[in-house]
Amino acid sequence: MATHTETVGVIGAGTMGAGIALVCARNGHQVKLLDTNQAVLDKALAYLQATLSRDVEKGKITEEKKTETLALVDRISDMELLADCDIVIEAVPERLDLKKNIFSGLARICRSDALLLSNTSSISITEIAGGLPHPERILGFHFFNPAPVMPLVEVIRGTKSSEENVQRAYRFAEELGKVPVLVTDSPGFIVNRIARPYYNEALRILGDNLADVEKIDRIMKKAGGFKMGPFELQDMIGIDINFATTQSVYTDFFHEGRFKPSRIQQRMVQAGSLGRKTGEGFYDYDK
């Protein structure tokens with residue numbers, strides 16, 4: 001439970017945003033979950049209700065606690081309503097122009113002492129904050145999917161992030177029950193820099209017809225001890241998100257060959273085969 005209740009804004013009500021909103025509400029924070037798409041907000045509410053209902057069925061929480069937690073989440077579509085938030089976490093698709101536009105708006109709307117965090121998995125925090133007023137309050141705060149389950153949060157220090165706000169973000173992650181790790185701003189940070197070769201080599205093996213998707217996943221789980229194979233994981237994360245992350249890391253490392261994106265992923269994104277969220281990816285989820 002939070003040592004004191006703060007109002008947290010979450011921008012983007014997709015898979016990551018809804019998960020982050022749940023993490024914050026479970027820990028007693030008032031949450032304003034923002035999305036301009038009402039259907040996405042409705043889907044997020046259904047996710048929150050279903051997840052908390054399962055917690056009740058498993059005896060983890062009471063029905064009253066479920067009701068209290070749901071009541072902490074307000075769904076909104078107007079960014080101006082984030083003006084009184086103590087902390088705002090952006091969780092929109094991995095596009096620099098989109099994120100810069102959002103943080104430009106937040107810099108205008110929010111108090112100067114509000115902590116502005118990005119859930120980006122690879123885009124430079126320094127570049128997101130570049131040219132904005134009070135860049136000392138802008139940091140990376142990278143959850144992993146699924147946010148309510150995965151313990152790690154990367155707290156990413158931009159070039160102009162202040163030490164006071166780095167420590168504040170670190171404590172906030174701890175209050176949420178997460179395991180924070182401090183990271184210096186660099187392409188892919190730590191986890192996604194390590195993960196790129198994992199995905200890329202699996203895609204090369206597939207492209208070279210050395211093994212199929214099922215076989216590669218099975219080998220990595222049985223022999224490598226991974227909970228999920230590289231293709232199962234891409235389907236869960238979203239192939240579009242995974243591809244965008246690889247593109248970002250490849251660009252920011254000045255096209256180093258080890259990070260080169262796969263044409264297999266590119267074709268799947270072009271075809272709209274994005275993984276679980278579209279019902280098909282490397283596996284078919286409509287069967």
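## Two backbone features in loops

Phe189 lies in the loop that connects β8 (179–184) to α7 (191–207). In this predicted model, Phe189 has a positive phi of about 55°, although the residue is not a glycine.

The peptide bond joining Asn145 and Pro146 is cis, with omega at about 0°.

## Domains and database annotation

The domain assignment divides the chain into domain 1 (7–184) and domain 2 (193–271). Six residues from domain 1 and seven residues from domain 2 make up the contact between them. The C-alpha centres of domain 1 and domain 2 are 27 Å apart.

UniProt, in an unreviewed entry, lists residues 7–185 as "domain: 3-hydroxyacyl-CoA dehydrogenase NAD binding". In the model, the chain over residues 7–185 is 41% helix and 22% strand, and the C-alpha atoms at the ends of this span lie 26 Å apart. The UniProt annotation "domain: 3-hydroxyacyl-CoA dehydrogenase C-terminal", likewise from an unreviewed entry, covers residues 188–285. That span is 59% helix and 0% strand, and its end C-alpha atoms are 29 Å apart.

## Packing of α1 and α2

Two packed helices are described by the angle between their axes and the distance between the axes. Helix α1 (residues 15–26) packs with helix α2 (residues 38–57) at an angle of about 50°, and their axes are 10 Å apart. Angles of 65 to 115 degrees count as roughly perpendicular, and those under 35 degrees as roughly parallel; α1 and α2 are therefore oblique to each other. Their crossing is right-handed.

Which residues of α1 and α2 meet? From α1, the contact involves Ala18, Gly19, Leu22 and Arg26; from α2, it involves Ala44, Tyr47, Leu48, Thr51, Leu52 and Asp55. By class, the contact of α1 with α2 has six nonpolar, two polar and two charged residues.

## Packing of α7 and α9

The helices α7 and α9 pack at an angle of about 115°, with 10 Å between their axes. The crossing of α7 and α9 is left-handed.

On the α7 side, Tyr198, Tyr199, Ala202, Leu203 and Leu206 take part in the contact. They meet Pro230, Phe231, Leu233, Gln234 and Ile237 in α9. Classified by residue type, the contact of α7 with α9 has nine nonpolar, one polar and no charged residues.

## Packing of α9 and α10

Helix α9 (residues 230–237) also packs with helix α10 (residues 239–252): their axes come within 6 Å and cross at roughly 100°. The two helices, α9 and α10, are therefore roughly perpendicular to each other.

In this contact, Gln234, Asp235 and Ile237 of α9 meet Ile239, Ile241 and Asn242 of α10. The contact of α9 with α10 has three nonpolar, two polar and one charged residues. Gln234 and Ile237 are among the α9 residues that meet α7, and both also meet α10.

Note on methods
Residues numbered from 1 in each chain as written. Predicted model: local features only at pLDDT ≥ 70, side-chain atom pairs only at ≥ 80, totals over all residues. Heavy atoms only, no water. Axes fitted to C-alpha atoms, helices over the stretch in contact; angles between N-to-C directions. Helix = DSSP H or I, 4+ residues; strand = E, 2+ residues; numbered from the N terminus. Parallel < 35°, antiparallel > 145°, perpendicular 65-115°, else oblique. Left-handed = near helix turned anticlockwise from the far one by under 90°. Contact = heavy atoms within 4.5 Å. Nonpolar A, V, L, I, M, F, W, Y, C, P; charged D, E, K, R; others polar. UniProt positions renumbered as here; feature names shortened; annotations may be inferred. Domains from an automatic or database assignment.
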